[in-house]
Amino acid sequence: MGETQDSITARPKASEEDAGSNGTAPKPTDFIRAIINEHNRTGRFGGRVHTRFPPEPNGYLHIGHAKSVCLNFKIAADYKGLCNLRMDDTNPVKEDLEYIESIIRDVRWLGFDWDDRLYYASDYYEKLYCFAVELIRRGKAYVCDQSPEEMRQFRGTLTEPGRESPYRNRSIEENVTLFELMRAGEFKEGEKTLRAKIDMASPNLNMRDPVTYRILHTTHHRTGDKWHIYPMYDFAHCFSDSIEGITHSICTLEFEDHRPLYDWYLDVLEAYHPQQIEFARLNLTYTVMSKRKLLQLVQQKYVNGWDDPRMPTISGMRRRGYTPEAIRNFCERIGVAKNDSMVDVELLEFCVREDLNLKSPRRMAVLKPLKVVIENYPEGRTEEFEIPNHPDVPAMGSRKVPFSKVVYIERDDFMEDPSPKFFRLGPGKEVRLRGAYFVTCTGVKKDTATGGITELTCTYDPATRGGDAPDGRKVKGTLHWVSAEHSIEASINLYDRLFRVPNPEGGEEGTDFLSYLNPGSLSVLTGCRLESSLADADPEITYQFERQGYFCADPGSAPKGGLVFNRTVTLRDTWAKIEKGKPSSEPPKKAAKEQKARPVSQPEKASADTISIDEFGRIDLRVGLIREVSLVEGSSKLLKLMVDVGEERLRQIFAGIRPAYPDPDDLLGKKVAVVANLKERQMKFGLSQGMILAGGEGERMGIVTLNGDPKPGDKIS
RNA sequence: UGGGGGAUCGUUCAACGGUAGGACAGCGGACUCUGACUCCGUCGAUCAAGGUUCAAAUCCUUGUCCCCCAGCCA
């Protein structure tokens, strides 16, 4: 893996002594390693560290799993221990061979190795069965005839104890016999279970005689029809860990109150006893992480399979062009703790860019072509420019890029009436075509019907061959380009976040996460023009299309449909930020950013279950002019606004935006978006007659303000 | 109202009784044949109230808020 990250974040030497007598602990910081260090100090596991990554093969691995994979494998590596890969396959109803294969592929792709230690809980079924029998013999388990319904009723509630099952006191012999019959398939599903005999009054619901084995007449993907009973997670997991000699059984927080059960099973049978440690699972903004929801997205076709590049799955990210190094690095940076956390997806994107910037060969590709004819360039002439594959890594070599009289540039790189800050092409302006010549725009051709720009004419300066002017004159802008005649056509998938909101799982009660799907998460660009060297692009390689972002050939759609590229991630785009912030909205910050619909135009394949225009139309959005602003006494958050929405009277609106406006007078005269048909609301401070649109929280809040010269009361469409 | 966890810059991780630090994001600037990269600067936090102490994010008390648990899922 060759990460140097560790040494960067590690504390200096002094802490190394945490490692204790065996001195193998290089990473002092996180709480898990602190526990391990303590174990090593006291000799609990004789200095041994053996972890495992135990996925259930009921779905594809996602970035949240990657966190766990990295944690387990890295801890093992750091302590010179081992990490097993174990399929936790105890529920044949949900599991599948396809998932097993994908998991193996993904963990390997992430860069981890388990030698020959690929295990399956199903390998232990026979042993587990014997453990269960022993449990019965020790009077610690019984066969129960209660139906699921009855069992639920007897379990009690969070605040009331449960009641004991009438079958709780069967004789050991009867239990053994019944359990054998369960195994033999003599009973119907749900007819009987094996239950641990613990304590129906325990405040921990997991200890109220939990089911240990249930009857399932389902063919198992590995053991076929051999078994009619399957162990439950708590039982199978602790003994699987125990059998494998795991020292540290690392899992997520929700298993914290399963730990007493984990410990109970092992203690009752006096088995080797690993230490379970729980950490907070990863949440990422603008996505969902639950396997159930991801499955739903796949099954209901909101995305095109588990490896859809918009999915947070490992296979989706691979297809999108993410690298294992970037993902591992991300997992390193987010750290590990017990706080519930929501990591900003921008950090992931940063890690991807960071890695890709170093190793992506540069190419030129025009996504939205605009034809440029260079008037003074000889007809029929072609020359080739030698352009480096990487500006900072000469070792990556160079390639020849053909140039001719007609080239394409990016439509966004031309403005007919540019602002002074726009240092790309405009009428009369001179720019550099990267690695080729300086050109000056001499003319603009338009479609007479639509007025849309169809073509540009330019002149070039032959003296600037290669991209430098001998007279030392500078140009502000450098554009990417392709020769019309030599370029190849491709379509490009632009991906944006799958959800419109940072936390699609945390919506108002009763709101389905699907309603937050981003209808613009995929936009397909056709007729893009690429430099010809991209014709046989290797899907394994992610290229940087200069000034655009990182892209890789889509392995899924290569064969017949022509060349298809996936956008991995955009380049940072400060210009877009300037542009966006330019017109009005004072503190656009996050508020504006979160609305960001990056794929600007283009046909969109709307794939989401969203509200319709009609529904949205029920909201009466009006232009409002802020006429008065005053502080609200007794509230640190509210401002009282008097807003002109084109009616005789001003509307009184209380807005919780004060933290963002230390000087509320800044708001005077601003044109804002007002929800005009909101039911009036009586607040402590007065009647609020509408709502203005804002985004963000606290100081990073911004209100939606309007450009141009709309009149108060104008409808916002 | 039971049990188990958790609260530190916008986000995330650290600080383990002794200067609240890093990363991402933001903002400003330098550089630039990618408005990229890089570099520099800057903004910015200890849930609250008490207490112990020369000294508290850290220890104690009380409170507040958030997450998880009533599958024959994992």
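I take helices (H or I, at least four residues) and strands (E, at least two) as DSSP runs, numbered from the N terminus. The model is predicted: local features need pLDDT of at least 70 and side-chain atom pairs count only at pLDDT 80 or more, while totals for chains, interfaces and linings use all residues. Residues are numbered from 1 along each chain as its sequence is written, chains are lettered from A and ligands numbered from 1 in the order in which they are written, and side-chain values use heavy atoms, with hydrogens and water left out.

Entry: surface near RNA strand B.
I counted a residue as near the strand if one of its heavy atoms lies within 4 Å of it. I found that α6 (148-155), β6 (211-215), α12 (324-334), α13 (345-359), α14 (574-581) and α15 (589-595) each supply at least two residues of this surface. RNA strand B is surrounded by 67 residues, the closest being Arg-362, Arg-424, Arg-432, Gly-466 and Gln-544. Of the atoms of RNA strand B that come within 4 Å of the protein, sugar and phosphate account for 66%.

I noted a backbone N or O atom of Pro-203 at 3.4 Å from a base nitrogen of RNA strand B. A polar side-chain atom of Arg-572 lies 3.3 Å from a phosphate oxygen of RNA strand B.

Entry: Ser-487.
I located Ser-487 in the loop between β20 (481-483) and β21 (488-495). Is Ser-487 buried or exposed? Ser-487 is buried, with a relative accessible area of 9%; buried means under 20%, exposed over 50%, partly exposed in between (1.4 Å probe, protein chains only). A polar atom of the Ser-487 side chain lies 3.2 Å from the backbone oxygen of Ala-484. Leaving out residues up to four places away in sequence, Ser-487 touches Tyr-408, Val-482, Arg-529 and Leu-530 (contact means heavy atoms within 4.5 Å).

Entry: helix α10.
In α10 (residues 291-299), I listed Lys-291, Lys-293, Leu-294, Gln-296, Leu-297 and Val-298 as buried. The buried residues of α10 pack against α3 (63-78). Just after α10, Lys-301 takes a positive phi of about 65°.

Entry: chain A.
I read 16 helices and 34 strands in chain A. Of its 717 residues, 51% are buried.

How values were computed:
Polar contact = N/O pair within 3.5 Å; in protein donor to acceptor, adjacent residues only side chain to side chain.
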